[in-house]
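Hi,

Here is the model I promised to pass along. Have a look at it first, and then read on for my notes on helix packing and charged pairs.

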Amino acid sequence: MNELQKNNEISPIVLQSISLRGQGNWAEADKCIDTALLEYPSDIDLLTEYANVMMDRAYWSEGNHSRRMQYYLDASERLKAILNTYPELAPATVYNKLGLVYIKLGYFDDAESIIKTGMSKYPENIELFITHGRIRDKLRYNHISNLFRGFINKYVKQLFDKATSARIENFLFPYKYCLKTEVGHNCYQNFKKGNISGSINSFLKLVDLNELSDTSDIWLDSYYQLIRASTNEAIIPKENYLPSIELKPQSVKKILVSGMGWSGSGAMLYFFRDFNTVKLYSVEEDKFINGTPSLRTLRDTVDDLARFNDELIDFFWFTLFGFAKYSSASELCSTRTAIKRTLGNHPNEYALAVNLFLKEIYSSIQEDSLGKLKFDSISSKFINAVLRPALTKQQYEQSILLNNVIAIHDISLCSMLDNFNILCSFRDPRAQFVSIMESNPHYKESLFCPLFIRNYRNIRAKFLLDLKELKIQEPYIHSVQFEEFVLDEEYRNSITERIGLDLTCHRGYIFFDPKVSEKNIYNYKKYRNQKIIQKIETELSEYCWDPN
């Protein structure tokens, strides 16, 4: 089959399967690909999509852990079949997906082994190296490494009166970096040290790599803006021609679900995904608004120009451009999502959004008008420009669903949003504590309990104080009681109507299952240490949910 035939025959089948997956019709998607494989049994794209169906089904299988793990096992078998049958044809994405599935299954050694194989075959594929970094992070925080870290921390603290730094942990569990990341790091380091000519040479080498060829001129223009604003050195930029595409950021309707760590925001994410007028942006908690570095850290330094410029350089490298040498889990998270956008499905629109953001920031600095209000306005346009490409022209009236891009304790960041509703999920602290303990079995409850109580109380108090400051945004910030949201359909409907969604557009319970979420409401009643539960009930009585 030639390329034209493939585009005409295979691509529509894959797109149909992706559409069915997006609607939660995994059985139909599976059947669609299964039927196509009878005619095209060796097509790698079909075989990969066959695994994608099962991975997607596993992720959204709420509540039933054994069923979810079985789906991941099925996905791993489908991916392994590609590698075993077509080892020379298997693309980097197959190795990457199998590594991610093994992470979900907890097979960290197998995950590292398959990713290393992929890295040796595709040494320039940056996503494989980022997945390897995620495996390194998992190894740091599994039970054995926690014991090791505790031992190291104990003696480092005795010797130096401080805990182990991220750099020491990287020495113990080192990251590996793709060549592109190394080039990007050299560029960043030279920039920070004032070696501008060396930095420019590295950047030119980076953008000339084939994956950036279509957007190289835009990224070069953005990079030269950084240089002009951060140094006094005169530069003669490579002649470049920005594309004729004019970026006109349009406001995007946004629904944000926000939590405070096992507080039930996932149930809302599942529920609102069941509306055909809502488009999920990403299942991951995107960190460009509230990560490190992020729009939040920029906003925090906006009144100190020197610090702001330093933060903006880091923001560009780690969170916007992505070709940076991450040294911690938070930096890796920011870098991972940046790379997905830089090299993703809409690279031109994204590169232009970054370019326009930098131009507006530096223009405001020159006019001496960059305060928090102006920064919020520029950020709002940038957020819209990043989100808009996720919608097709036929979907422009739909709402984008965002997962925990703003946490409850940082609700003040809503000042950077327009056209939004944010749903803040609050949960009975007794049940929340138990969920946290169950997901972190190495926590020592006698030490964690007082920390949890203090943190819970502080977050709830800060939330009320922040609301008083957000007079314009306050009508669009909604407090949701997790227990009532799960148990009471009328309560869910009232929340839905409050944020402007049409109840007739609800497709039924595809992703959200009230019966599954209901099991998490009274988990504290069976907790092994009821004295701890009573302590939380006493200390946080005003926040404990009473069904009566």
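Helix H4 passes helix H5 in a left-handed crossing, a term used when the near helix is turned anticlockwise from the far one by less than a right angle (clockwise would be right-handed). Before going further, please note that this is a predicted model, where local features need pLDDT of at least 70, side-chain atom pairs count only at pLDDT 80 or more, and totals for chains, interfaces and linings use all residues. Residues are numbered from 1 along each chain as its sequence is written, and side-chain values use heavy atoms, with hydrogens and water left out.

H4 covers residues 65-85 and H5 residues 92-105; their axes come within 9 Å and cross at roughly 150°. That makes H4 roughly antiparallel to H5 (over 145 degrees; under 35 is roughly parallel, 65 to 115 roughly perpendicular and the rest oblique). The axes are lines fitted to C-alpha atoms over the stretch in contact, with angles from 0 to 180 degrees between N-to-C directions. Helices are DSSP runs of H or I with at least four residues, strands are E runs of at least two, and both are numbered from the N terminus.

On the H4 side, the contact (heavy atoms within 4.5 Å) includes Met 69, Tyr 72, Leu 73 and Leu 79, and H5 contributes Val 94, Tyr 95, Leu 98 and Val 101, among others. By class, 13 nonpolar, one polar and three charged residues make up this contact of H4 with H5. Here Ala, Val, Leu, Ile, Met, Phe, Trp, Tyr, Cys and Pro are nonpolar, Asp, Glu, Lys and Arg charged, and the others, Gly among them, polar.

Now for the charged pairs. The count comes to 18 salt bridges, each being a side-chain nitrogen of Lys or Arg within 4 Å of a carboxyl oxygen of Asp or Glu. One of them joins Glu 49 and Arg 21 at 2.8 Å, N to O. This pair links distant parts of the chain, with Glu 49 in helix H3 (residues 44-59) and Arg 21 in helix H1 (residues 3-22), 28 residues apart. Glu 49 is buried at 2% relative accessibility, and Arg 21 is buried at 13% (buried is under 20% relative accessible area, exposed over 50%, partly exposed in between; 1.4 Å probe, protein chains only). Arg 21, Glu 49 and Asp 56 are linked in a network of salt bridges.

Asp 286 and Arg 341 form another salt bridge, at 2.7 Å between the closest N and O atoms.

Best wishes
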